[in-house]
Amino acid sequence: MNAVPTLVHTSRNLSGHDSVAGLPHDDSIIRLQDVHRTFGTDRGACTALRAITLDIPRGDLIAVVGPSGSGKTSLLNIMGGIDKPSRGSVRVENQDLMTMGEARLSDLRLRRIGFVFQDARLIPVLTVAESVEFPLLFRSEISSVERKRKVSRVLERVGLADKHESAGNALRRRGL
Ligand SMILES: Nc1ncnc2c1ncn2[C@@H]1O[C@H](COP(=O)(O)OP(=O)(O)O)[C@@H](O)[C@H]1O
Ligand SMILES: [Mg+2]
């Protein structure tokens, strides 16, 4: 495959391939080193990612752009601890994802990783507030009072407070 995903850096001129050669950045949020991802298919192996090395400093805003099939989703799945590379090293906030078990990975995803999908992927039977509350139910250290407070706070911030309709309806309304 000749198309590869490209990192577009909005605040500094950092290309994906030249940043790791030097000393490790203490403020790195994500570091990939020589990451490969190969999928087995009916028609043989498909290499989605080949030798990806990059270092994303904390606070940076990065866009990954590239044509369909260039490996963007494969890359994000690996950065988000959803998938593992066939080869290479992945660190998020200085933790080595390759040595983490499923329980620690799922804890990292719960607390530190957020995905916003193009199609909202909401649970249609839940209200907007319940949808926001849902992931917080897995965080046992947050009391129900604090949970409700957090939900109101974020809904207010995005202008969705006082909306009691189901997430499915909100979505359909938006579609209209
Ligand atoms: N689970 C999978 N099994 C087999 N091939 C896959 C799988 N996921 C992705 N691929 C292949 O890897 C390449 C990159 O895919 P993907 O990461 O989805 O690209 P993008 O998100 O940029 O469109 C494509 O050739 C795709 O067909
Ligand atoms: Mg994709």
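## Strands and the sheet

Two strands pair if DSSP finds at least two bridges between them. Helices (H or I, at least four residues) and strands (E, at least two) are DSSP runs, numbered from the N terminus. By that rule, strand 5 and strand 6 pair in the antiparallel sense over 2 bridges. Val92 stands opposite Gln95 in strand 6.

This is a predicted model; local features need pLDDT of at least 70, side-chain atom pairs count only at pLDDT 80 or more, and totals for chains, interfaces and linings use all residues. Residues are numbered from 1 along each chain as its sequence is written, while chains are lettered from A and ligands numbered from 1 in the order in which they are written.

An open sheet is formed by 4 strands in the order 3-2-5-6, with antiparallel pairing. Strand 3 and strand 6 (95-96) stand at the edges with a single partner strand each, so one side of each has no neighbour in the sheet. Strand 2 and strand 3 pair over 10 bridges, in the antiparallel sense. A hairpin of 2 residues joins them. Ser28 stands opposite Pro57 in strand 3.

## Overall make-up

The protein chain holds 5 helices and 6 strands. Along the sequence the pattern is β-β-β-β-α-β-β-α-α-α-α. Of the 176 residues, 15% are buried (20 or more other C-beta atoms within 10 Å of a residue's own; exposed means 12 or fewer, partly exposed in between; C-beta atoms are placed from the backbone).

Contacts are pairs of residues whose C-beta atoms, placed from the backbone, lie within 7 Å. Among contacts between residues at least 6 apart in sequence, 64% join residues at least 24 apart.

Helix 1 (residues 72-79) has Ser74, Leu75, Ile78 and Met79 as its buried residues. Seen down the helix axis, these fall within an arc of 130°, so they line one face. The arc is that of the directions from the axis to the C-beta atoms. Their cover includes strand 2 (28-41), strand 3 (44-57), strand 4 (62-65) and strand 5 (87-92). Gly81 follows helix 1, with a positive phi near 70°.

The largest nonpolar core has 13 residues. Such a core is a set of buried Ala, Val, Leu, Ile, Met, Phe, Trp, Tyr and Cys residues joined through C-beta atoms within 7 Å. Those with the most contacts inside it are Leu32, Val35, Leu49, Ile52, Leu75, Ile78 and Val90. Strand 2, strand 3, helix 1 and strand 5 each give two or more residues to this core. Strand 3 has the largest share, 5 residues. Leaving aside residues up to four places away in sequence, Leu75 touches Pro5, Leu49, Ile52 and Val64.

## Around ligand 1

The shell around ligand 1 numbers 13 residues, of which Phe39, Ala48, Lys72, Thr73 and Ser74 come nearest. A residue counts as near if its C-beta atom, placed from the backbone, lies within 6 Å of the molecule or strand. Strand 2, strand 3 and helix 1 each supply at least two residues. Helix 1 gives the most, with 3.

The shell divides into 4 nonpolar, 8 polar and 1 charged. Nonpolar means Ala, Val, Leu, Ile, Met, Phe, Trp, Tyr, Cys and Pro; charged means Asp, Glu, Lys and Arg; the others, Gly among them, are polar.

Most residues other than glycine have a negative phi. Ala51 has a positive phi of about 50°. Ala51 lies in strand 3 and is partly exposed, with 14 other C-beta atoms within 10 Å.

Asn94 also has a positive phi, near 65°. Asn94 sits in the loop between strand 5 and strand 6. Asn94 is exposed, with 12 other C-beta atoms within 10 Å.

Terms used. Contact = placed C-beta atoms within 7 Å.
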